Amino acid sequence: MTTMAKKQVVDDVTMKRALTRITYEIIEQNKRLDDLVLVGIKTRGIYLAQRIATRLQQLEGIQVPVGALDIKLYRDDVHKADHLSEPSVSGNDIPVDITSKHVILVDDVLFTGRTIRAALDALMDLGRPQKISLAVLVDRGHRELPIRPDFVGKNIPTSLHEQIQVQVEEIDGQDGIAIMQLED
């Protein structure tokens with residue numbers, strides 16, 4: 001029987017600081033903020049993108065559009081035949097045309113890079129951004145694809161026998177990051 005031991009490594013205050021750090025880096029690295037669009041990858045990336053947009057509003061007085069991206073049909077670990085009955089991706093909700101915009105993809109955890117590859121494919125089906133950047137709350141390493149985040153809240157090195165669990169208030173009732181150790 002496989003069980004999991006769980007250890008919290010980031011509390012709600014530290015998580016808020018990590019998102020604030022990402023926000024400041026976005027401001028510092030972008031001369032113009034009026035062409036930004038934040039796109040959260042379902043599910044937790046959406047809430048993180050909304051929080052970054054709120055912080056940008058507080059710090060710079062600008063409203064950055066926030067969208068949601070559903071990548072399930074673009075994943076390379078899901079067989080396309082399994083989804084032939086689904087007419088389209090219904091989970092995308094991006095309130096502006098992303099063509100010629102600077103899109104910042106937002107996700108909770110960067111691991112192998114396959115989720116981000118799928119997100120890039122999904123974005124390109126929606127328009128042609130001028131630039132795409134990547135913001136992640138946690139980079140845990142173990143990349144299988146040549147994908148690197150532009151903005152990182154926390155680097156948390158892990159073994160392949162561990163998982164990162166990000167909790168957000170909107171879904172889980174609390175904020176935090178835990179490492180889950182697989183045990184036999």
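Helices (H or I, at least four residues) and strands (E, at least two) are taken as DSSP runs and numbered from the N terminus. The model is predicted: local features need pLDDT of at least 70, side-chain atom pairs count only at pLDDT 80 or more, and totals for chains, interfaces and linings use all residues. Residues are numbered from 1 along each chain as its sequence is written, and side-chain values use heavy atoms, with hydrogens and water left out.

Helix H1 covers residues 12–29, and its end C-alpha atoms lie 26 Å apart. This agrees with the 26 Å that its 18 residues should span at 1.5 Å a residue, the expected span being 1.5 Å times one less than the number of residues. At the start of H1, a side-chain oxygen of Asp-11 comes to within 3.3 Å of the backbone nitrogen of Val-13. Relative accessible area, computed with a 1.4 Å probe on protein chains only, defines buried as under 20%, exposed as over 50% and partly exposed as in between. By this criterion the buried residues of H1 are Met-15, Ala-18, Leu-19, Thr-20, Ile-22, Thr-23, Ile-26 and Ile-27. An α-helix has 3.6 residues a turn, so residues three or four places apart point the same way.

Pockets were located on a 1 Å grid over the protein atoms alone, a pocket being an open set of points with protein on both sides within 12 Å along at least five of seven lines; lining residues have an atom within 4 Å of a point. The largest pocket has a volume of about 160 Å³, where grid points are joined across faces, edges and corners and the volume is the space filled by probe spheres set on the points. Its lining consists of Lys-16, Leu-19, Thr-20, Thr-23, Arg-51, Ile-52, Thr-54, Arg-55 and Gln-58. H1 and helix H2 (44–60) are the elements that give two or more residues to this lining, and H2 supplies the largest share, five residues. By class, two lining residues are nonpolar, four polar and three charged; Ala, Val, Leu, Ile, Met, Phe, Trp, Tyr, Cys and Pro count as nonpolar, Asp, Glu, Lys and Arg as charged, and the others, Gly among them, as polar.

Thr-20, in helix H1, counts as buried because its relative accessibility is 14%. Its side chain makes a polar contact with the side chain of Arg-55 at 3.4 Å. A polar contact is a pair of N or O atoms within 3.5 Å; within protein, one must be able to donate a hydrogen and the other to accept it, and residues adjacent in sequence count only if both atoms are side-chain atoms.

Strand S4 (residues 102–110) is mostly covered, with nine of its nine residues buried. Strands are treated as paired if DSSP finds at least two bridges between them. S4 runs parallel to strand S2 (residues 36–41), to which five bridges join it, and Leu-36 stands opposite His-102. S4 also pairs in the parallel sense with strand S5 (residues 131–139) over eight bridges, with Val-106 opposite Ala-135.

Several backbone features fall in loops. A cis peptide bond with omega of about 10 degrees joins Lys-42 and Thr-43, and Thr-43 is in the loop between S2 and H2. Ser-100, a residue other than glycine, has a positive phi near 65 degrees; it is in the loop between strand S3 (66–69) and S4 and is partly exposed at 48% relative accessibility.

Conventions: On a 1 Å grid over the protein atoms alone, a cavity is a set of points where a 1.4 Å probe fits but cannot get out, and a pocket is an open set with protein on both sides within 12 Å along at least five of seven lines; lining residues have an atom within 4 Å of a point.
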